Amino acid sequence: MEGNYPILMGAQEIGTAKVTRQGLYYRFDCRCQLSGDVVCRLTVTCGASTHNLGILVPEGGAFGLHTKMPVKQLGEGALQFGVRPNHKPVGGRFIPISPEEPFGYLSRLKDAFLEFREGVPGLVISEQESG
């Protein structure tokens, strides 16, 4: 299982994952090229199970993730790495965030996610009323 693996977003290769064994753990050192417009999560699939490795964070001109997982938890089989947005794809309302303006949607933050549109940070909030 040790080695270098491609990281895919859909069918496109966007980075590499280096897997090394350290005692009872596998260490994952991952680096990807992402736009940064949407927060993305890295997953690894081994056999029939998929594991969440975490959120990719900005790191020296790219996005990276460094983590460990117990060998026993990962299981046996071929490894496949994938990137997906950190939110459920939902239609929603984009609300720009500005430090100078009050934010009137604090009660809806639980179901919101951060997104950048044309370089402007904002939250996307589901149009469905929460009750």
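Colleague: Hi! Let's start with L42: is it buried or exposed?

Modeller: L42 is buried, its relative accessible area being 0%. Here buried means under 20% relative accessible area, exposed over 50%, and partly exposed in between, with a 1.4 Å probe and protein chains only.

Colleague: Thanks. What should I know about the model itself?

Modeller: This is a predicted model, where local features need pLDDT of at least 70 and side-chain atom pairs count only at pLDDT 80 or more, while totals for chains, interfaces and linings use all residues. Residues are numbered from 1 along each chain as its sequence is written, and side-chain values use heavy atoms, leaving out hydrogens and water.

Colleague: Good. Back to L42, which strand is its place in?

Modeller: You'll find L42 in strand 4, which covers residues 40-46. Strands are DSSP runs of E with at least two residues, helices are runs of H or I with at least four, and both are numbered from the N terminus.

Colleague: And which residues does L42 touch?

Modeller: Not counting residues up to four places away in sequence, L42 touches I7, C30, H51, N52, L53, G54, L56, L65, F81, G82 and V83. A contact means heavy atoms within 4.5 Å.

Colleague: How far is L42 from G61, by C-alpha atoms?

Modeller: Their C-alpha atoms are separated by 18 Å, with the two residues 19 apart along the chain.

Colleague: I noticed C30 among those contacts of L42. How many disulfides are there in the whole structure?

Modeller: Zero, from a search of the whole structure. A disulfide would be a pair of cysteine sulfur atoms within 2.5 Å.

Colleague: What about C40, then?

Modeller: For C40, the closest cysteine sulfur is in C32, and at 8.5 Å it is too far for a bond. C40 is buried, at 7% relative accessible area.

Colleague: How much of the chain is buried?

Modeller: Buried residues are 33% of the 131 in the chain.

Colleague: Last one: what box do the C-alpha atoms fill?

Modeller: Roughly 50 × 35 × 30 Å, taken along the principal axes. As for contacts with a separation of 6 or more, 57% join residues 24 or more positions apart.
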